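Subject: Structure handover

Hi,

Here is the structure I promised to pass on. Have a look at it first, and then read my notes below.

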Amino acid sequence: MNAITHLAPEWHNWIRENLARGCAPQSLIEDMVRNRFDPVFARAAVNGVMTSNGPVAAPLEVQPKAASGYVYETPRLHAGNLIRTSDREVRVVMRVNRPLIAVLDGVLSEDECDELIRRSADKMRRSTTVDPISGKHEVIADRSSEGTFFALNADPFIARLDRRISEVMNWPVDHGEGLQILHYGIGGEYKPHFDYFPPEEPGSHVQMTIGGQRISTMVMYLNEVEAGGTTIFPEIGLEVVPKKGSAVYFEYTNSQNQLDRLTLHGGSPVTRGEKWIVTKWMRQRRYGEVTAAPAASAATG
């Protein structure tokens with residue numbers, strides 16, 4: 001039976017009433033999952049009610065857009081239509097201001113895309129995601145891809161890419177996680193999710209001890225996908241079509257540690273061909289720098 005991805009008014013009321021009674025958000029999410037709700041949707045629903053000031057029966061789909069509470073600051077991404085890096089010019093094809101999303105052309109050359117695929121093809125493993133309770137990396141059904149990582153500055157080729165990407169994202173190289181290569185075959189998808197670590201989940205605190213919260217993402221496309229495989233932002237109705245060497249960039253954590261829930265995103269199923277991407281996540285501090293985990297309330301907004 002398909003998981004539920006629609007919030008009926010009675011469920012909206014149930015979430016609001018239980019939050020008012022002091023129930024933990026995570027317990028509400030778990031109750032919804034036991035009642036056949038999609039886990040990612042359940043989390044988004046509870047977060048949406050937590051930040052909504054609208055009427056009780058207002059549809060969930062419009063609440064984050066109207067009252068997310070997120071304060072938009074000056075973007076980290078450079079202004080203008082052209083970003084000049086130390087070795088390449090990257091063109092801004094499209095921008096969205098709220099949330100901050102940009103589609104970029106020419107981040108990687110065709111040869112660089114081919115080289116990343118060549119280096120990755122023989123060491124791919126089933127992709128994992130961070131478990132919300134333990135903070136460990138686990139295989140889940142919602143992410144049907146295989147992947148591998150390259151450590152930061154692993155060799156001269158990877159170091160050149162890490163430097164260029166950090167210049168485009170306008171954040172220090174050593175604040176970035178290593179490049180992650182992902183491959184999706186026919187039917188491969190990644191259901192809508194957030195790239196930041198939800199502060200209400202215990203596992204997030206484990207992850208944030210090594211560099212803090214994630215603040216921005218850049219997904220770079222390494223091949224042309226025959227059909228499907230788009231990057232979707234369901235809250236704003238945006239769909240980015242893969243183009244070899246291009247990228248989609250988005251920001252979701254501001255200087256107040258607020259998190260932009262409009263950056264809910266996913267990878268639609270590949271229906272023909274295959275899809276290769278490389279992803280870079282940036283952290284608040286130097287990645288690998290161990291610090292005390294922040295309080296759960298610090299990153300909400």
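Let's start with a pair of helices: helix 2 passes helix 3 in a right-handed crossing (right-handed if the near helix is turned clockwise from the far one by less than a right angle, left-handed if anticlockwise). Before I go on, note that this is a predicted model, where local features need pLDDT of at least 70 and side-chain atom pairs count only at pLDDT 80 or more, while totals for chains, interfaces and linings use all residues. Numbering runs from 1 along each chain as its sequence is written, and side-chain values use heavy atoms, leaving out hydrogens and water.

Helices (H or I, at least four residues) and strands (E, at least two) are DSSP runs, numbered from the N terminus. Axes are lines fitted to C-alpha atoms, for helices over the stretch in contact, and angles run from 0 to 180 degrees between N-to-C directions.

On the helix 2 side, Pro25, Leu28, Ile29, Met32 and Val33 meet Pro39, Ala42, Arg43, Ala45, Val46 and Met50 of helix 3 (contact means heavy atoms within 4.5 Å).

Helix 2 also packs against helix 1 (residues 9-20), at about 150° and with the axes 10 Å apart. Helix 1 and helix 2 are therefore roughly antiparallel. Here Trp11, Trp14, Ile15, Asn18 and Leu19 of helix 1 touch Pro25, Leu28, Asp31 and Met32 of helix 2.

Four of them form an open antiparallel sheet in the order 9-15-12-13 (strands pair if DSSP finds at least two bridges between them). Strand 9 (190-193) and strand 13 (238-240) are the edges, each pairing on one side only. From one strand to the next, the twist averages 15°. Inside the sheet, strand 12 (residues 231-233) and strand 15 (residues 265-267) pair over two bridges, and isoleucine 232 stands opposite glycine 266.

Finally, the whole structure has 17 salt bridges (a side-chain nitrogen of Lys or Arg within 4 Å of a carboxyl oxygen of Asp or Glu). One joins lysine 244 and aspartate 114, at 2.7 Å from N to O. This pair links distant parts of the chain, 130 residues apart: lysine 244 sits in the loop between strand 13 and strand 14 (247-251), and aspartate 114 in helix 5 (residues 110-120).

Cheers

Key
Angles under 35 degrees count as roughly parallel, over 145 as roughly antiparallel, 65 to 115 as roughly perpendicular and the rest as oblique.
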